[in-house]
Every structure is written in structure tokens, then in C-alpha cells.
Amino acid sequence: MCQLLQSCQKEDVLRGWECLTDRATQWSLQPLSASVPPSKPDGGSWDMGSDAPDVVVELDCPVEGTVGKVKTAESPSFTPSWQDGACVTTAPEWRNAPIHIKVLDVDFLSSEEILTTSYTLEEEDFAAGTIELPISADGAHTLKLKLSRVQ
């Protein structure tokens, strides 16, 4: 039986069926939710009047050797959630290089970084289906992403 990131394929007549790296199955990486600290690292407010930040997630999306950016809609909350902004590509593309991820508080004139990080997907991430990245140094605030096979 083949492993998660493999498929049973007939490589050639002499070898018969083998488990080979699955290069065709599409995988979606979708920002799900976050928990944003109530104030910036310097102690200031994210927005005027201590309002919640307008949170957006940007992902680098590697497709066929090029990298594009995908972005969620704004979610004005300290606990934002999203249903958009997914990137869909193959497991080899995801595992080829680290994914650059930004969580931003977008405002009319400028945007402030809440989190900027890079993450390399491991085989365990594909099996687990979710990835949780720390936003705050103590790990109390996180960004949660869903990794799922596209049907």
C-alpha cells in the first residue's frame, strides 16, 4: 500500500506497479482562523480607539515553478476567521521551498505586520490536516491553516 504522498503507478512493463511520488494530486492550504494579541508588541493599539485589527493573511502560492500571492478578505476581529484565500497546488510544489506567510492589520493608509514567517510543509502536516503557527512569543496567539486534498 502506498503512503499518503504517493500513488500506485505503473512505471514500466518490467517493474510493474510501484508506489511513486504523487505529482498530480492537488492540495489546498487555507487560512482558517487566528488569535491576535490585544495590542502590538510595543504596547500600542492595532487601530484607533483600541478597535480590533482588520486582519488579512497573505500566502505565497507556488504553482508550476512560479510563485504568486493569494490573500484573504479582511476580517476585523481579534479572533478572525476566513473561508477564502486558499492556495491550491501539488505536494511536490508545497514541499519544494518554504511558504512565506504574512498576517497583516490593513488600514486605510498603511498595513502593519502582525506575523511574517516562513514554513516548510512536512509529510506529517499533510497527514494532520492542520498547521498552527505562533503569532506571539509565548504561543498564546496563533494562526491556524487547513491543509487538505482537493477532491
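Predicted model: local features only at pLDDT ≥ 70, side-chain atom pairs only at ≥ 80, totals over all residues.
Entry 1: Cys-61 lies in strand 4 and Cys-87 in strand 7 (residues 87-90), so the link ties together parts that are 26 residues apart in sequence. For the link of Cys-61 and Cys-87 I wrote down 80° about the S-S bond, and that the link is right-handed.

**Entry 2: the rings.** I looked for aromatic pairs next and found that the structure holds 1 of them. The ring centres of Trp-27 and Phe-126 are 4.8 Å apart and the planes stand at 85°, so I recorded the pair as edge-to-face, since planes over 60 degrees apart count as such. Trp-27 belongs to strand 3 and Phe-126 to helix 2 (residues 123-128), so the pair ties together parts that are 99 residues apart in sequence. Both Trp-27 and Phe-126 are buried.

**Entry 3: the core.** I asked which residues of the largest nonpolar core touch the most other members, and among its 26 residues these are Leu-29, Trp-94, Ile-101, Leu-143 and Leu-145. Several elements each supply at least two residues of this core, including strand 3 (26-34), helix 1 (91-96) and strand 11 (142-149), while the largest share, 4 residues, comes from strand 4. Leaving aside residues up to four places away in sequence, I listed the contacts of Trp-94, and among them are Trp-27, Cys-87 and Phe-126.

Terms used
Residues numbered from 1 in each chain as written. Heavy atoms only, no water. Core = buried A, V, L, I, M, F, W, Y, C linked by side-chain atoms within 4.5 Å. Buried < 20%, exposed > 50% of the residue type's maximum accessible area, 1.4 Å probe, protein only. Contact = heavy atoms within 4.5 Å. Phe/Tyr/Trp six-rings, centres within 6.5 Å; stacked < 30°, edge-to-face > 60°. Disulfide = S-S within 2.5 Å.
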